[in-house]
Amino acid sequence: MSAPLVILSVVMLALALVYAYGRFGRRLHGEAGLALKPEPEQTALDRMAAPLLKAHPGQNGVSLISDNMAAFALRALSARLAGRSLDLQYYYWKNDLTGRLLTREILAAADRGVQIRLLLDDINAGLHDRMCLALDAHPNIQVRLFNPSRARADRFRRGLEMVLRPFRATRRMHNKQWIADGRIVIAGGRNIGDAYFDAAEEANFRDLDVWALGPVAWEASAVFDRYWNSAVVVPIGLLRTPRKHYLPALRYKVQTAAQTSGGRHYLLQTDEAARSDGAMPRAEHLHWTADVKLVADPPEKAFLQKRNNWIMNELLPVLTSATQTVRIISPYFIPGAAGTTTFAELAQRNVQVAVLTNSLAATDVAAVHGAYANYRKALLRGGAVLFELKAIHETSDPQRMSLFGSRNASLHTKAFAVDGKTAFVGSLNFDPRSASLNTEMGVVFTHAALVDAVVAVFDEETRPANSFRLTLESGRLRWHDSTGGEARILRREPEAGFLRRVTAGIIGILPIESQL
């Protein structure tokens, strides 16, 4: 090819890229929208809340939800009782059994006139455009996507967009919250999908949510509004032409899901919960306190020009203020050099630092484990205590078994407790992605019984029957646990297959930690 033709080709390619970037990068906006304010006695949830809030002025009724079935039922029941609004914000919403059952509940609410706003991160929503478009076709439902790709169906254009904005495309909304009538908020680690509600056939997540009634729910609504109206959020109808026939098809699918044996099981459990406790956690697990603070990254964290670890700036002073104990639960744990040093400094002050994360066999992201493994020896030498959750739980509690009888477990809880006095539950992992790339949120509280509940979760999951405790022996890692009541010591990654070990090992030497 002659030099002029080469130059012309390069110029044409450059112009095409500029055009494509402009097309993909143009900002689309929906109309501004705000949460509907709670009104006295207007809805069933208003009437349920009124006597409780009157008896506890200025306080929040708060409960920790560790049981997966209860987590499903409380969401479903709040949707059934909602009469004004449902504001739902999630990293992803799976189009599986429990995803469809909860979709069925929000469709029923919308049919009653409830105004529904569904905000999803695009990284997973892009796989289910048809479901999102179907919901958006309902006159009482709006669906918006966080940091969406402009290319919805064309793989070439999607790939080109990833090339043109590789760093911006990796910044995701990891927040999870379910707000009903501005009265109740459920926030924490759970997305919407079978693995979060004990319906997955292979493995289910161990997770934790905060259920709250009171002023903190309106704080959650303010966070939702900030995201809903941000420049990085786009209505799905502006990205892809709506298809009205999608909604009847979705109605058929969710109704079919409700008629399966699994669907009937979940709906029966929800009906039983409604009869015994209504839309609230059990009274003995509901604690009233004003010492609750909602913390959240702003949506602006998704813009490269503003690098600021908002939520970590609030939480790190809490951790480093410890004088006795720090207990951390993080399924994806990559402390980095700075974090490893911080934990060592705490240990030097005679603070017991204990961390629970997934073992290689239990994790659903082997790549993260590969990066975490690089810090294990340094953490142990610095005085930290490390636990790794087993993939198989030897529990006899039928409430912790899945719909299919599987006992495989993977940790998904994100929480910590400091000195038995302060605790956090939310969406934040202790890894670079949560700190710098994803938006996150959670709840900080100082109520003694609630903090004790977080500590109890840590203590249960770190029992030798449930987790391995790591030690160093002549510079080599050892894993300690018990099986069948007998203590044992293992000398290599327990229960992990060859492929997992190789994958984690390769990731551990690649320079990609900042993206994990």
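User: Are aspartate 87 and arginine 117 buried or exposed?

Analyst: In this predicted model, both aspartate 87 and arginine 117 are buried. Each therefore has under 20% relative accessible area.

User: What makes aspartate 87 and arginine 117 a salt bridge?

Analyst: Their closest N and O atoms are 2.9 Å apart. The cut-off is within 4 Å, so the pair qualifies. Aspartate 87 sits in strand β2 and arginine 117 in strand β3, so the contact ties together parts that are 30 residues apart in sequence.

User: Why is aspartate 129 called buried?

Analyst: Its relative accessibility is 3%. Buried means under 20%, so aspartate 129 counts as buried.

User: Why is arginine 240 called partly exposed?

Analyst: Arginine 240 has 27% relative accessibility. Buried needs under 20% and exposed needs over 50%, so 27% falls in between.

User: How do you know that aspartate 129 and arginine 240 form a salt bridge?

Analyst: The N to O distance is 3.3 Å. Aspartate 129 belongs to helix α6, while arginine 240 lies in the loop between β9 and α9, 111 residues apart.

User: What makes lysine 390 and aspartate 481 a salt bridge?

Analyst: N to O is 2.6 Å, within the 4 Å limit, so the pair counts. Lysine 390 is in the loop between β14 and β15, and aspartate 481 is in strand β20, 91 residues apart. Both residues are buried.

User: How many salt bridges does the rule give?

Analyst: The count comes to 21. Asp46, Arg84 and Arg183 are linked in a network of salt bridges.

Key. Residues are numbered from 1 along each chain as its sequence is written. This is a predicted model: local features need pLDDT of at least 70, side-chain atom pairs count only at pLDDT 80 or more; totals for chains, interfaces and linings use all residues. Side-chain values use heavy atoms; hydrogens and water are left out. A salt bridge is a side-chain nitrogen of Lys or Arg within 4 Å of a carboxyl oxygen of Asp or Glu. Helices (H or I, at least four residues) and strands (E, at least two) are DSSP runs, numbered from the N terminus. Buried means under 20% relative accessible area, exposed over 50%, partly exposed in between (1.4 Å probe, protein chains only).
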